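Biologist: I would like to learn how to read aromatic rings and the charges around them in a model. Please take me through one case at a time.

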Amino acid sequence: MKEIILIKNGELALKGLNRCNFEDILIKNIKRRLRELGEIEIRKSQSTIYIEPKSENFDFEEALERVSRIFGIAGFSRACVCEKSIEDILSRSVEYLKTVAENINTFKVEAKRADKRFPLTSPEICREVGGALLDAYPHLKVDVHNPELTVYVEIRDYAAYVRAEQIKGAGGLPVGTAGTASILISGGIDSPVAAWTMAKRGLRLNAIHFASPPYTSPRAELKVRTLLKKVAAYSGTINLAVVPFTEIQDEIGKNCPEDYFTLIMRRMMMRISERLARQSGSLALITGESLGQVASQTLPALVTTDSVVSMPVLRPLIGMDKEEIIKISRKIDTFETSILPFEDCCTVFTPKHPKTRPTLEACAEAEKRLSVDALVNKAVAETAYSYIE
């Protein structure tokens, strides 16, 4: 029996004259994510994208799992392909729904007749399919208000389709429709969630990680790569830049007031990140900061860190509390990795009494003894690059 995957693209229907561009990018993303599973044919019609396997060994279950994590898809379902005759629809409905019918007691049928040339109306299709299922499975009863299963029959241009419930998709916009931005990624809970959140709005991601050996171990970097791999399951390939930050932290420790350590470190990170972001074609930086969560995330502190860059800084978590962030991290399977006890460079030099209300003038004065340009240039030159898929 021939099966396909039907995809509803939700929010893309609101894009007006740009809708085709968004759909084309979504189709490219689908092809890229499913290419390892076998040959497929993809077409779009009437607000639906059709994925038809062409290989006998096509891994259907894995395809559904991957489709569930592709941004831009509001809902999806596996469906049986039928000829556009009521006789074929009835016989295939009974066969296709056999396994699920044996495990339920109530159902209803809904029909959509997009092809008005089909001789039966939607209510007539529902009555015929419902009758066939009741005859084949006598234990079933019709419940139009609270059924355990809703059977959908769609009559479209190319064929007829029978399917069960639609599965909720990842939503959002297709990655690549909103440009590219660079996420400053640590090993904590927040930054992977920030990356996922902005990818959901259509941003292609680059990532920047600051490593400080021997203060941070290779396991800390491995942790970041694991987190990015989980995000990449939704966003697609992420370009990772690993910046050597030990010398800069040592210089800050030797030359700057202790209560400004974190602020100056963040300012240096922002300077380096902007340079790397522009080199990679990113139009903005992304951070996982939440207002007031720690001393470096007060409003005056954020103003001082933003002042050293000219590109936009996106903070999707800025109004969330920790419980909200943790809930998303569990949903995208990053939480358990994030809480592994491997230090990142942001936590190594935390001062006992950090400044919470700094001024731009005070920060500039505190970092006067640093060779800022030379340190930034060296860090950028020694940055290592790799891909996360």
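Modeller: Start with a definition: a charge sits over a ring if NZ of Lys or CZ of Arg is within 6 Å of the ring centre and within 35 degrees of the ring normal. Keep in mind that this model is predicted.

Biologist: Which residue lies over the face of Tyr50?

Modeller: Arg43 does, at 4.7 Å from the ring centre. Another case is Arg330, whose charged end is placed over the ring of Phe335, 4.0 Å from its centre.

Biologist: What describes a pair of aromatic rings?

Modeller: The distance of the centres and the angle of the planes describe such a pair. Here the count is 6 aromatic pairs. One of them joins Tyr50 and Tyr161, with 5.5 Å centre to centre and 40° between the planes, and is tilted.

Biologist: Where in the chain do Tyr50 and Tyr161 lie?

Modeller: Tyr50 is in strand E3 (residues 48-53) and Tyr161 in strand E8 (residues 160-163), so the pair links distant parts of the chain, 111 residues apart.

Biologist: Are Tyr50 and Tyr161 buried or exposed?

Modeller: Tyr50 and Tyr161 are both buried.

Biologist: What is the geometry of the pair formed by Phe71 and Trp196?

Modeller: That pair is edge-to-face, at 5.8 Å centre to centre with 65° between the planes. Phe71 lies in the loop between helix H2 (60-67) and strand E4 (73-82), while Trp196 is in helix H6 (residues 190-200), so their pair ties together parts 125 residues apart in sequence. Phe71 and Trp196 are both buried. Ring pairs also link Phe71 and Trp196 with Tyr234 in a cluster.

Conventions
Residues numbered from 1 in each chain as written. Predicted model: local features only at pLDDT ≥ 70, side-chain atom pairs only at ≥ 80, totals over all residues. Heavy atoms only, no water. Phe/Tyr/Trp six-rings, centres within 6.5 Å; stacked < 30°, edge-to-face > 60°. Helix = DSSP H or I, 4+ residues; strand = E, 2+ residues; numbered from the N terminus. Buried < 20%, exposed > 50% of the residue type's maximum accessible area, 1.4 Å probe, protein only.
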